[in-house]
Each structure stands twice: as structure tokens, then as C-alpha cells.
Amino acid sequence: MQANSDKRSKSIKKHIFVYSMLGLAILNFLVFYVYANGSAFVLPFLSEDTNRFTLENFRNVFADIAVPGSRLLIALRNTLIYYFVNLLVILPFSLFGAYFIMKKILGHKFFTVIFMIPMIVSTVVLVAVYKNMLGAGGPISVLYELFGKEAPFFLYQEETATLMIVIFSVWTGFGLQLIMFSGAMSRIPDSVQEYGRLEGIGFMQELWTVVLPMVWPTFSTILMLSSIGMFSASGPVLLFSDGLYNTQTISFEIYSTTVVSGKFNYAAAFGLLLTVASLPMFFLITYLRNRVPSDVEY
């Protein structure tokens, strides 16, 4: 009887533990997914003051976008700059860098460390170092002084502030994509590369005709995720300039509108419009991705 009682007690405790863990996961899902995403669809249609149904939030967003030189238009411009820099610079150079590392070309270990440093060091630290490099007394300022010129305030004037943050984003943006491409290329059989060498395939020809088709699923996935998230492309604007000097992006504007101004309904309306605007891009990228054969097995 005592043994059966102990067994029943252990079974009850086990069930309590399992259901408690499941309950915590379900509660987390309901609060942070269902409620959060549900609110994102409800808030745009509610008035800030009366919580009654209205389209005023959408009208205000369109009115702000229609103003030439408005903060939203500048934010949209900067966001598209970050997106196309990622698409046309970071993505292809990450592919090329991973191939460079795979071929073990002289200096590949050094460049691996350079590309991986941003993945290891905190972004706050990197921003501080970068700001000191461009600031008064930094190496850039010293170089200007050697030529008898006064160094410009790169991060504190509208003409150059966004460009400097974009350059920083390029340097710190290689890490993750480089790791993904390196992982995909590490699975390419040595026999395939050996066959290419026997056929006399050159360095670049091997990249485009052998390596890229074999890592196409990885490449197309990164491309699709980057494209459907084009309106969330952003640099560390808050750490660099707090949105000053026309450096704001859409992500920063939504943050500023909610946290600083407290206009949750307006920000939700803006976010919903961006979601709708990104749907055609999602379907286009999905269509193009499916048009290219990707049934490579190795």
C-alpha cells in the first residue's frame, strides 16, 4: 500500500510539473503573440482619446507622408538605403567572403576574424569605438590635421551622418550571413570541387556555376527574409544620433512615436500600412524563388 501511495504521489507531482511548464508556454504564447499581434490589428482603427472606431490614424499617416521633406519620407528614404545596401553590398560580399574562406586563400583566417568581431563584441562597444574614430582627436581627425585641414563632423551633420552609419552597418552586417553561407558551403562534397579542378574551372566560374547553385536554398532564404523585412531595415540610429541630423529610419520613427510621443494607435496604423505594402514584395520573391530549381541534394 505504501509503495502504491508513493508511486501515485510521484505521478501526481510529475503531471503537475509537466502541466505547469505547458501552462507557462501557453500563457507566453497568448500574451506575447496572440494579444500583441491582435492589438496590432485593432489599435489602428481606434481613436487615441475615445477608443472608438475611426480611420483618423490612417488619414494622419497619409497626411504626414504627403508633406515634402517630412520625417516619415526621410525615414522611408533612409530605410530603403539600408535595404539596398544589404541587398547589393552585404549579401553578395558575404557570399564571396564565405567562398574565399572555403577555398582557404592566403589571409582567409585574418579576414574571418575581422568579419566575426562584430558578432562577438557588443554593438554598444563597437559604436563607441567607431564614434571615437570619427570624432575629434580620433585617427580620422589626425589624418585631416596632417594635411592641414579641419576634420568635418561626420556624425553631426545631415550631409554625412546617414552615410557614416551605413558604413558601420556594412562592417557589422557580414557576420550572420557569412556564417550561414559558410555552413552551406562546408557541406559541398570534396569530389564536386575536385571535378571542377579537373575540368579546369576557374575561381569565379566555380563560384557561379557550382557553388551558388548548391547553396541556392540558403541564398534564396536570406534574400526572401531581407526583402519581406525591407521596411524594418535599420542601423543603430538610437546609439549614434538618436534620430537627429535626418538619420531616422522607419523602425526608429515607430519607436519614437510610441515610446517618446505615446501615439500607439498612430504607430500601429503606420505599421499596418507597411505590412500591407510589403506583401507584394513577399509574393514576388516567393514566385522568383520557386522559379529557380533548388532540388540540389548533397
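The model is predicted, so local features are reported at pLDDT of at least 70 and side-chain atom pairs at pLDDT 80 or more, while totals for chains, interfaces and linings use all residues. Residues are numbered from 1 along each chain as its sequence is written, and side-chain values use heavy atoms, with hydrogens and water left out.

Helices here are DSSP runs (H or I, at least four residues), numbered from the N terminus. Two packed helices are described by the angle between their axes and the distance between the axes. Each axis is a line fitted to C-alpha atoms, for helices over the stretch in contact, and angles run from 0 to 180 degrees between N-to-C directions. The axes of H3, residues 71-102, and H13, residues 250-260, come within 8 Å and cross at roughly 140°. The two helices are therefore oblique to each other. In this scheme, angles under 35 degrees count as roughly parallel, over 145 as roughly antiparallel, 65 to 115 as roughly perpendicular, and the rest as oblique.

Which residues make the contact of H3 with H13? On the H3 side they are Arg71, Leu72, Ala75, Leu76 and Thr79, and on the H13 side Ile250, Phe252 and Glu253; contact means heavy atoms within 4.5 Å. These residues divide into five nonpolar, one polar and two charged. For that division, Ala, Val, Leu, Ile, Met, Phe, Trp, Tyr, Cys and Pro count as nonpolar, Asp, Glu, Lys and Arg as charged, and the others, Gly among them, as polar.

Side chains of opposite charge can pair when their charged atoms come close. The structure holds one salt bridge, that is, a side-chain nitrogen of Lys or Arg within 4 Å of a carboxyl oxygen of Asp or Glu. Arginine 71 and glutamate 253 form a salt bridge through their side chains, at 2.6 Å from N to O. Because arginine 71 lies in H3 and glutamate 253 in H13, the pair ties together parts that are 182 residues apart in sequence.

Are the two partners buried or exposed? Arginine 71 is partly exposed, with a relative accessible area of 40%, whereas glutamate 253 is buried, at 8%. Buried means under 20% relative accessible area, exposed over 50%, and partly exposed in between (1.4 Å probe, protein chains only).

Other residues of H13 deserve mention. Ile250, Phe252, Ser256, Thr257 and Thr258 are among the buried residues of H13, as is Glu253. Their cover includes H3, helix H12 (237-240) and helix H14 (264-291). After H13 comes glycine 262, whose phi is positive, near 75°.

Next, the loops. Serine 70 sits in the loop between helix H2 (56-66) and H3. With 11% relative accessibility, serine 70 counts as buried. Setting aside neighbours within four places in sequence, serine 70 contacts Asp64 and Ile65.

The loop between H12 and H13 holds aspartate 242 and also asparagine 246. Aspartate 242 has a positive phi near 55° in a residue other than glycine, and asparagine 246 has a positive phi near 60°. Aspartate 242 is partly exposed at 46% relative accessibility, and asparagine 246 is partly exposed at 23%.

I turn to the core. A nonpolar core is a set of buried Ala, Val, Leu, Ile, Met, Phe, Trp, Tyr and Cys residues joined through side-chain atoms within 4.5 Å. The largest one has 55 residues, and those with the most contacts inside it are Leu95, Phe181, Met185, Val211, Val215, Phe219 and Phe240. H3 gives the most to this core, with twelve residues. Methionine 185 touches Leu95, Ala98, Tyr99, Met102, Val211 and Val215, not counting residues up to four places away in sequence.

Two further helix pairs complete the account. The axes of H10 (residues 203-214) and H11 (residues 216-228) come within 5 Å and cross at roughly 70°; H10 and H11 are therefore roughly perpendicular. Leu212, Pro213 and Met214 of H10 meet Trp216, Pro217 and Phe219 of H11, a contact of six nonpolar, no polar and no charged residues.

For H5 (residues 123-134) and H6 (residues 139-146), the axes come within 4 Å and cross at roughly 10°, which makes H5 roughly parallel to H6. Asn132, Met133 and Leu134 of H5 make the contact with Pro139, Ile140 and Ser141 of H6. Those residues divide into four nonpolar, two polar and no charged.
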